[in-house]
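Please look over the model below. The briefing that follows covers helix packing, salt bridges, aromatic pairs and a surface patch.

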Amino acid sequence: MNKTRMSRVGEEIKKELSVLLQRGLKDPRIGFVTVTDVEVTSDLQLAKVYVSIFGSEEQRKASLSGLQKAKGYLRTEIGKRVKLRHIPDFVFKLDESIDYGSKIETILREISTDGEKGAKQDE
């Protein structure tokens, strides 16, 4: 399948899933969830949905299990909103790139404050 079509389908699913997760789900286990990326296979059978979840490790696991339970509902709603012959099956994966970026930013901030302290002591 054409890569541009795959990416367009992925982006459309990402947009609609984001709206559904914000407004459509009433599951209390699902906390603050952000869809960061959707990768669709070339045959449109599977879509890897990368999500970033705010909270502790326990809250993340609960949110992921809530998303797995809501997978059927989400596929049905996506089928109504996105005009495709076949709606892919969703596999939810935790996207830890935001946490990794935050960790790197914290380390860089510590290095810069240590450098400033060292410069002041030299004066």
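The buried residues of helix α3 pack against α1 (3-23) and β3 (89-94), where contact means heavy atoms within 4.5 Å. This is a predicted model: local features need pLDDT of at least 70, side-chain atom pairs count only at pLDDT 80 or more, and totals for chains, interfaces and linings use all residues. Residues are numbered from 1 along each chain as its sequence is written, and side-chain values use heavy atoms, with hydrogens and water left out.

**Helix α3**

- Helix α3 spans residues 71-81, and its buried residues are L74, E77 and I78; buried means under 20% relative accessible area, exposed over 50%, and partly exposed in between (1.4 Å probe, protein chains only).
- These residues lie on the same side of α3, because they cover an arc of only 100° around the axis; the arc is that of the directions from the helix axis to the C-beta atoms.
- Helices (H or I, at least four residues) and strands (E, at least two) are DSSP runs, numbered from the N terminus.

**Salt bridges**

- The whole structure has four salt bridges, each defined as a side-chain nitrogen of Lys or Arg within 4 Å of a carboxyl oxygen of Asp or Glu.
- One of them joins K80 to E77, with the closest N and O atoms 3.3 Å apart.
- Both K80 and E77 belong to helix α3, three residues apart, or about one turn of the helix.
- K80 is exposed at 54% relative accessibility, whereas E77 is buried at 14%.
- Another links R81 and E16, again with a closest N to O separation of 3.3 Å.
- R81 is in helix α3 and E16 in helix α1, so this pair ties together parts that are 65 residues apart in sequence.
- R81 is partly exposed, with a relative accessible area of 37%, and E16 is buried at 12%.
- K15 and E12 also meet through their side chains in a salt bridge (3.6 Å, N to O).
- About one helical turn separates K15 from E12, because they are three residues apart in helix α1.
- K15 is partly exposed at 46%, and E12 is partly exposed at 28%.

**Aromatic pairs**

- There are two aromatic pairs in the structure; rings of Phe, Tyr and Trp (its six-membered ring) pair if their centres lie within 6.5 Å, and planes under 30 degrees apart count as stacked, over 60 as edge-to-face and the rest as tilted.
- F32 and F54 form an edge-to-face pair, 6.5 Å centre to centre with 85° between the planes.
- F32 belongs to strand β1 (residues 32-40) and F54 to strand β2 (residues 46-54), so the pair ties together parts that are 22 residues apart in sequence.
- Both F32 and F54 are exposed.
- The F90 and F92 pair is tilted, because its ring centres are 6.2 Å apart and its planes are at 55°.
- F90 is buried at 0% relative accessibility, and F92 is buried at 8%.

**R60 in helix α2**

- R60 is part of helix α2 (residues 57-69) and is buried, with a relative accessible area of 13%.
- Leaving out residues up to four places away in sequence, R60 touches I53, G55, L94 and D99.

**Surface patch**

- Y100, I104, I107, L108 and I111 make a nonpolar surface patch of about 490 Å².
- Patches are made of residues with over 30% relative accessible area and no salt bridge, like charges being joined within 9 Å and nonpolar side chains (Val, Leu, Ile, Met, Phe, Trp, Tyr) within 5 Å; accessible areas come from the Shrake-Rupley method with a 1.4 Å probe, and for residues only the protein chains shown count as cover.
- L108 lies in helix α4 (residues 97-122) and is exposed at 53%.
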